[in-house]
Amino acid sequence: MTGPLAGIRVVEITNVVSGPAAGALLADQGAEVIKVEPPAGDIIRRAAENGLPAMFISCNRGKHSLALDLKQPPARDIMWRLLATADVFLHNLRPGVMERLGFGPSEVRDRFPRLVYAAISGFGETGPYSARRVYDPLVQAVSGFADIQADGESARPRMIRTVIADKTTAACAAQAVTAALFHRERSGHGQDVRISMLDAMVSLLWPEGMSPFTIVADGGRLPPPSHDRIFETSDGYITAGSVSDREWAGLCAALDRPGWLRDPMFATQADRNRNKDRRYAMMAEVFLGRSSAEWIERLDENDVPCAPVLRRSEMLEDPQVRASNIVHELDQPGVGPIRQARPAARFGGSPAHDPRPAPRIGEHSAQILAALGYTDTAIRELARDRVVFGC
């Protein structure tokens with residue numbers, strides 16, 4: 001094993017995206033991650049007949065799968081033996097579910113005080129929404145994230161078309177787990193870690209999305225909706241903008257509009273912010289006159305922040321993406337060649353894994369049970385009694 005988390009064992013009971021993606025980040029960084037699944041597997045598996053849809057592969061790469069029916073006492077015995085070997089227990093079941101199964105934080109950490117017990121929820125453990133079944137759009141809605149995408153004219157809130165709440169929560173959870181492991185190294189003690197999707201999204205939104213509400217005396221005065229900073233060119237789309245006076249001067253030069261520098265509406269950064277709708281409309285009219293490549297060249301020459309707006313298929317072939325070796329191809333058994341993004345964080349002294357395949361349901365059940373001390377005969381009996389699956 002390589003990576004900064006080599007030697008750490010994570011046992012997870014997770015579904016969909018927030019929990020599985022957190023576990024995948026830990027696996028990328030070298031942890032051994034054992035995904036404990038019910039007999040039918042993570043519900044996302046059901047999106048493909050072979051149990052390996054693209055989203056499941058991406059959120060469960062590099063893991064081992066143990067399939068158990070935790071409603072049966074022998075399966076719970078297996079779970080306790082497995083937790084005795086773990087450094088981290090991660091789940092994203094609704095509040096109260098793990099307690100009903102007998103694996104709540106107090107029960108687990110009474111037995112294993114060095115364990116880091118990480119629980120991901122939708123809205124938290126208390127409050128009127130805590131017991132609800134939660135998916136990403138609900139959190140986008142409640143957190144204010146959909147409101148910030150509102151249309152300018154109708155003020156109709158809109159969702160981001162990716163599971164941003166799930167993935168943000170996954171990153172928060174993985175970071176919190178590593179922080180708790182660092183605390184354990186110093187103190188010798190594990191602890192409970194709780195992360196809600198709502199907490200994660202409100203925190204993500206706060207620096208600029210909630211800036212009208214940060215200073216209480218400002219009274220929450222909302223600025224008008226902002227242009228999306230995507231400009232149509234003669235053959236596509238680009239994004240470009242300026243913050244500093246120097247960048248604004250460069251933009252005016254690139255667009256052959258020196259008169260804008262003398263316009264009092266745009267004299268300072270504050271002026272340009274107040275008059276941004278007018279400024280963006282003027283820029284949009286100019287950008288229609290040349291191709292994307294021409295504009296990128298002119299903007300680069302004047303040191304103006306800019307980039308082409310790429311379709312997803314174009315991103316795969318973008319020279320920066322290729323030069324950075326971000327996207328890897330590998331073989332996923334049962335599927336064939338797949339693409340995965342490499343781990344975003346790179347470690348000079350303990351390199352993280354390149355992406356690895358995701359497991360079939362119960363692919364490693366027999367191997368894990370054998371490592372826990374179960375004999376071949378015992379494993380066959382557990383499989384016969386439908387306690388364990390995949391053997």
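**View 1. Helix α1 and its buried residues.** In α1, the residues Ser18, Gly19, Pro20, Ala21, Ala22, Gly23, Ala24, Leu26, Ala27 and Asp28 are buried, where buried means under 20% relative accessible area, exposed means over 50%, and partly exposed lies in between (1.4 Å probe, protein chains only). This is a predicted model, in which local features need pLDDT of at least 70 and side-chain atom pairs count only at pLDDT 80 or more, while totals for chains, interfaces and linings use all residues. Residues are numbered from 1 along each chain as its sequence is written, and side-chain values use heavy atoms, with hydrogens and water left out. Helices (H or I, at least four residues) and strands (E, at least two) are DSSP runs, numbered from the N terminus. Helix α1 is mostly covered, with 10 of its 11 residues buried, and what covers these buried residues includes β1, β2, α2, β4, β5 and α8. Just after α1, glycine 30 takes a positive phi of about 110 degrees.

**View 2. Serine 18 in helix α1.** Serine 18 lies in helix α1, and it counts as buried because its relative accessibility is 4%. Leaving aside residues up to four places away in sequence, serine 18 touches Asn92, Ile120, Asp166, Thr169 and Ala170, a contact being heavy atoms within 4.5 Å.

**View 3. Strand β1 and its two partners.** Strand β1 (residues 9-13) is mostly covered, since 5 of its 5 residues are buried. In a regular strand the side chains alternate between the two faces of the sheet. Both faces of β1 are covered, with Arg9, Val11 and Ile13 buried on one side and Val10 and Glu12 buried on the other. Two strands are said to pair if DSSP finds at least two bridges between them. Strands β1 and β2 (residues 32-37) run parallel and are joined by 4 bridges, and the bridge partner of valine 10 in β2 is valine 33. The chain crosses from β1 through α1 to β2 in a right-handed β-α-β crossover, a term used if, with the strands pointing away from the viewer, the path from the first strand over the helix to the second runs clockwise. Strand β1 is also joined to β4 by 4 bridges, again in parallel, and here glutamate 12 has leucine 90 of β4 as its bridge partner.

**View 4. The largest nonpolar core.** A nonpolar core is a set of buried Ala, Val, Leu, Ile, Met, Phe, Trp, Tyr and Cys residues joined through side-chain atoms within 4.5 Å. The largest one has 33 residues, and those with the most contacts inside it are Ile8, Val10, Leu26, Ala31, Val88, Leu181 and Val193. Among the elements that give two or more residues to this core are α1 (18-28), β4 (88-91) and α8 (164-187), and the largest share, 7 residues, comes from α8. Valine 10 touches Leu26, Ala31, Glu32, Val33, Ile34, Val88 and Leu90, not counting residues up to four places away in sequence.

**View 5. An open sheet of 3 strands.** The strands stand in the order β7-β8-β9, and their pairing is antiparallel. The edge strands β7 (230-232) and β9 (306-308) each pair on one side only. Strand β8 (residues 237-240) pairs with β9 over 3 bridges, and the bridge partner of threonine 239 in β9 is alanine 307.
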